Amino acid sequence: MALPSIIPTSGVHRLSLFSSPSSARTTLHLLSSSNFPFRFNPIPHLHCPPAAGKRSADYRVHCSPAAKPTSQDMDKGLPFCVEAGMPSSQLRNKNLEGLIAMVLMFAQLSSPLPFFGWEPFPTPPANAVLYSPDTKVPRTGELALRKAIPANANMKAIQNSLEDLSYLLRIPQRKPYGTMEGNVKKALKIATEEKNSILASLPEEFRDKGSSLYASLIDGKGGLQALIKNIKDQDPDKVSVSLASSLDTIAEIELLQVCNTSSPVSSAPGLSFLLPEQYKDYPRLNGRGTVEFTIEKGDGSAFSPEAGGESRKTVKIQVTVDGYSAPLTAGNFAKLVVDGAYDGAKLNTINQAVITDDGLDKNAGYSVPLEIMPSEQFEPLYRTKLSIQDGELPVLPMSVYGAVAMAHSDVSEEYSAPYQFFFYLYDKRNSGLGGLSFDEGQFSVFGYATSGRDILSQIKTGDVIRSAKMVDGQDRLILPAQS
């Protein structure tokens, strides 16, 4: 039985029960405001028993503050009321029992006081995630990349406490400064009590730099002490600036910490999990890299000028590629860039995306399995999409303007295309109320445009990638041994 739809009516509440005497199937339609105060009449009033020869009927239960329905109520669809104590020949016992069950369920859904021993119906996951305005997912590539760093647990605890302030600052009315202060004090407590553990997690060669960053995090101009002061002053602009500074410092420390981890399948640092054995012969990116695209108009025109600038024949877009969460997908992409596979590639704009063509060389790239790192997990899932309706969220969400992902393979959606990638032009107007794309968790996201995002909206079908270069992180690209 499907959950009812809730629709307010003007003072009259009806439970419409459509039941077939020959079947256990029952459809419930509830017309009421779920929070409107009411009480049941001592005796339910049933209507419209099935006519002779008919196999179904419409039974209605009238619930109003009055003990009995008024004549006006009857005029609104209840013209034939009979008592529940009608002879059994007019109503099958099983229908009456089912009706009573429906009445109890209606009361449970509408009453603020649950019945003793009853568990309230849980919120459907789809409502809790895809359609909830409170869904907490990173809204920028920078935030998503910061959260994806697999660093020391104490640093992650500090970071998570501060990240909550980003959501609290969005509240348009009075800000919950007390909660904000409590979050920062919690982060400061962890930072001071776990100082030795945090610094010990840094590689020896980065220990001095890490100590300097740690001191800045505690007492620096944009550190935690300054953040607490700005919160007490209830200045949201200064809070936002100090928060950004503290989070940037945390990210720098975490990136130093992650250099102390090594993949069990490689001597190169960067990965904290073991890649599946069947994928050991794929290229992989152990860490992060930066790819710079140079884009030009296919028709010879120019891109619109920046504020106070001049129009440009070519523009540059930088993408941060994340091998922490998607090492195989990022590795395959990085190898293609290094090999020059995207130089001269044409771009197309379709369905909120800027996508490359499918490549002239059909042998370019690897058919990498769909690779998605779920939030709160330590390694990616392979060949498995996430169920957003069940509350599964990716570490690298697609619901961010400028997300970079691989298209699906032509053969199977369990694999990414070997060559074809796209920039996702996220638009909250075409997403669920929770701000999630309806394709969230379906593609291998491996990075974000972190510079030149404003250019993406100007790209049209026919524009061309003049060149793609890996300007940072090529030393973290691990290629399979040649057979």
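I began with how two helices pass each other, and noted that H8 crosses H10 in a left-handed manner (the near helix is turned anticlockwise from the far one by less than a right angle). The model is a predicted one, in which local features need pLDDT of at least 70 and side-chain atom pairs count only at pLDDT 80 or more, while totals for chains, interfaces and linings use all residues. Residues are numbered from 1 along each chain as its sequence is written, and side-chain values use heavy atoms, with hydrogens and water left out.

I then looked up the geometry of the pair: helix H8 (residues 207-219) and helix H10 (residues 236-258) pack at an angle of about 155°, with their axes 10 Å apart. That makes H8 roughly antiparallel to H10 (the term covers angles over 145 degrees). Contact, meaning heavy atoms within 4.5 Å, involves residues including Leu213 and Tyr214 of H8 and Ile250 and Ile253 of H10.

I recorded about 840 Å³ of space in the largest pocket and 26 lining residues, with Lys147, Lys156, Asn160, Ser375 and Glu376 nearest its centre. Helix H5 (residues 153-168) gives the largest share of this lining, 6 residues.

Last, I found 1 cavity of 30 Å³ or more, a cavity being a set of points where a 1.4 Å probe fits but cannot get out. The largest cavity holds about 90 Å³ of space, and among its 14 lining residues Ile372, Pro394, Leu396, Phe443 and Val445 are closest to its centre.

Definitions and conventions
1 Å grid on protein atoms, 1.4 Å probe; cavity = no way out; pocket = protein on both sides within 12 Å on 5 of 7 lines; lining within 4 Å. Points joined across faces, edges and corners; volume = space filled by probe spheres on them. Helix = DSSP H or I, 4+ residues; strand = E, 2+ residues; numbered from the N terminus. Axes fitted to C-alpha atoms, helices over the stretch in contact; angles between N-to-C directions. Parallel < 35°, antiparallel > 145°, perpendicular 65-115°, else oblique.
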